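Good morning. I will take a few minutes on one structure, so please have a look at it first.

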Amino acid sequence: MRRADEDQKMGVVATVNGRERRFEVLPRVSLADSLREELGLYGVRVGCEHGVCGACTIIVDDLPVRSCLMLGVQADGKTIRTVESLGGGKELHPLQQAFQRHHALQCGFCTSGILATAQALLEENPCPTRDEVREVLSGNICRCTGYQTIVDAIMDYAACAQANDTAFDAGAGESAT
Amino acid sequence: MSKSEIAQIRPKSIGTSIPRREDPGLLTGRARYIADIVLPDMLHIAILRSPVAHGRIRHIDVAAAQAMPGVELVWTGQDCVARCPGITSSLEQAGFAVTVQPLLAHDEICFVGEGIAVVVAHSRAQAEDALERIDVDIEELPVVTDALTAVDGADLANAAVASNMIYHSNRVTDPVDEAFASAALTVEGRFKTPRVNASPMETRGFVASHDWTSAALTCWSATQMPSFIKTMIAIFLQFPEQNLEVITPAVGGGFGQKAHLHPEELLVCMLSIELGRPVSWIEDRQENLFRAPQAKQQLNEMALAVDNDGRFLALRDRVTTDSGAYNSLPWTPLVEGHAGILVATDPYRISALSAESLSVATNKCPIGAYRGVGFSAPTLAREVLIDRAARKLGLSPFEIRRRNVIRQEDFPYQTRAGMMIREGSFLETVDRLEAMVGYEDFRKRQQEARKEGRLLGLGISIFSEISGIGTRALNFLDYPLTSHDTATVRVEPTGKVTVTTGIVTSGQGHPTTLAQIAADAFGIPVEDVTILAGSTHHAVGFGTVASRSAVFGAGTIGRAAEIVRGRMRAVAARLLQATSDEIEMAQGLVHVRDDPGRGMPFAAVAGAAYFAEATHPEDFDPALEATAAFDPSDIVLANGGHAVIVEIDLETCMARVEKMYAVEDCGRMINPMIVEGQIRGGMAQGVGMTLLEELIHDDRGQLTTSTFQDYLLPTSRDIPDIEISHLETPSSLVPGGIKGMGESAMISTPAAVAGAVNDALACFDVAIEQFPASPQRIFEALSEAAVLDGASLPN
Ligand code: FES
Ligand code: FES
């Protein structure tokens, strides 16, 4: 086993937003900071760094994870999706479009994390009830919107996806940022 | 021409809920916030913050820190004070105690979290490591934590503030004793609002980059007041202002907390100048809870005299604001209690007011602005008292308000504090709210619920809001400040429009709403307008504070557009063989009034002005570009009301909000979707302040709620869906009839939540006057009524 030397960077190989990425990181650096600083994925927001606000939420092996509570080195061998993988092409992903339509964001700082939470929820449960959405969202703090329009957006997206018979298509517009 | 001139704007895009143009950047993670500003060679700082609330630095040794890996520089307060004495915050008011807050304490330390030393290193982690090697010896001094006893106490929180009294004001002292003596009913209480933190999801941050070759200092700040910050840097650091630029990146919420000059901002500038390299300060959450301006903490000892018919006779209020150790700049603690007593009677006819405000220094973080500042606390006290009076008189909470609100026939109505109310829809608000709530049905439901052992309560609150705060409003609140904005409008050769403004956004949607205003000023599609904002090179503005951007956006863009329109009309008049006065602009055309057939495309007129001299009238000024200022001629008042239904769980003693309602009258809405977003977000914050959030200091001045695990923000389970209804009383002082409204929900939601909790408890004849109404406080109230031993609830 490699020794976790405090000031010695360790190599990590992970699938990030659909592409294999290799980076080196100090063992004490959080996954959030690693993604931001080593891979330039600045869409990962850091709001509290102690696992409460949810701003840093990303998807690791299909589960929503607080990237401030994971270390960069723990990403080794994992499959990671950040907000940059949604609608990364030239248009917004339908979930993002629903957020815009419903004014589900104001300052936008919580938005990356909330999109990840919503994405993970919808992949598991494509047609949640309003209460289920509220329950799952309760791990993400938004100081601007009062939440209602976020719930509206997610419900609207789920209803449209249902109508079009498209399950959550995480690959839509996936990019290799 | 007067700076208050009201330009003509014909609403077309105004009034529609177009989606926000800034959303794609925010939704895709592409938008750059302050923490995403990364420059070549950039250094990071960490600040050593005081562990004690009051003390004197005996000795400080930074040698070991200096030797740590990656460290470039360590400064103490002594290093700073030699370069800048600190942030002086004064107001030209007799008896106002001036404070000078050092950028880092060099002698006296006045609160936990005050900066003592700074480390500059290659990474934030290295800087934090080095902090641990700094050796400080602090002599502890007596700590003042209770504003109520501080005034007569022997100990001073800050040696610069005699008797701990920053300012004592009593501008309105009508003789009210007689009214109280003869009143059929007096209701009174001691209402404590908590010390809270606005807690934007993005913390504060600042990056400075000094380039000696060009002598330029370029700064990035997560701020609501870039122009103000720029001028303060110029003044406090004696830096040539023409070489200064403050850029505002995407800002992750502000709510007033980012509307101050922070000591760290000056410090980062000084360090960048010293080192000749970019320097970044990104606050962490704990620092934010300790050190970012705190808010709202005050005691309102209020009494209301009421006659037999429920009419208000007189109001008495004595406010003590727990101000913290220094005056924040520019607001000072006067922005709380002192402003509060001047608006305490607002939407009601109350012919006698006697009020005083004490702003008291304590060993806590300075208090500053947070949404609804000044209004939230007295509104809460007043509205809870009104409900209490209604109960005693057997009136509905709607009826008692109906009997007292300022009505159409009262306009113009001058409040006892001297504010002229010319318009509003106070009575309509009460009626509308009552219908939305379904009052009679609610009372039945409340009765039924009680039989099932469930406690429901209804609270309502009616407010008026000083919006679009300009010079007149600031002067009314005793701020000797001048506050206008400018905007520059340019019509491009192809007929597109570029607006440069000093208005920055922290989520309010200005890139979209200002474009709507400019589009309507020229009668062109909104897609043809670009808003340039976010650099102090653009235009001058006081800041995105005090619900002022809609008002100042409309005012400045309207006036600047009018100048440009005049020139385009002159060209068009010549081309269309009409007089300038007959020329109108609508739907992308410039045409003769009432005759759209005699017209030409907007772009063609612009092109003619740029490229076809033959079309120019004599002595024509072809600049299709103009800069104009705006400052409303008087206070712009918005109004509305809120209603809240809570349920108190007798098992857990938790109050949960079941339903919320809002009525808003902000004149003509620019973008109703954005207005409703402001209402919902503000109401959620109002619930937070009244049920959940509280910064608690122990008697040593230690903050015991220093993470989001102890400082509880509302989540999606705490905030129900909100029903909103609009009234429209257009402003006569602002183009398009627009008013501001961003603060409104935090002005009056806390009052409605507090009223609802008290309504739920009223059947036991107990009340809660200290907030937040936490489970602990509800438990104590219910214990007082001995309800928790399983006795059945009264009907
Ligand atoms: S930053 Fe990770 S939960 Fe707040
Ligand atoms: S949009 Fe600002 S925190 Fe959610």
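Predicted model: local features only at pLDDT ≥ 70, side-chain atom pairs only at ≥ 80, totals over all residues.

Residues are numbered from 1 along each chain as its sequence is written, chains are lettered from A and ligands numbered from 1 in the order in which they are written, and side-chain values use heavy atoms, with hydrogens and water left out.

First, the sheet. In chain B, 4 strands form an open sheet in the order 23-22-21-27, with mixed pairing. Strands here are DSSP runs of E, at least two residues, and helices are runs of H or I, at least four, numbered from the N terminus. Two strands pair if DSSP finds at least two bridges between them. Strand 23 (529-532) and strand 27 (625-630) of chain B are the edges, each pairing on one side only. Strand 21 (residues 485-491) of chain B pairs with strand 27 of chain B in the antiparallel sense, over 6 bridges. In that pairing, A487(B) stands opposite A628(B).

Now the interface. Which chain gives 55 residues to the contact, and which gives 43? Chain B gives 55 and chain A gives 43, where contact means heavy atoms within 4.5 Å. The rule finds 7 salt bridges across this interface, each a side-chain nitrogen of Lys or Arg within 4 Å of a carboxyl oxygen of Asp or Glu. D721(B) forms a salt bridge with R130(A), with the closest N and O atoms 3.1 Å apart. Helix 19 (672-692) of chain B gives the most to the side of chain B that touches chain A, with 8 residues.
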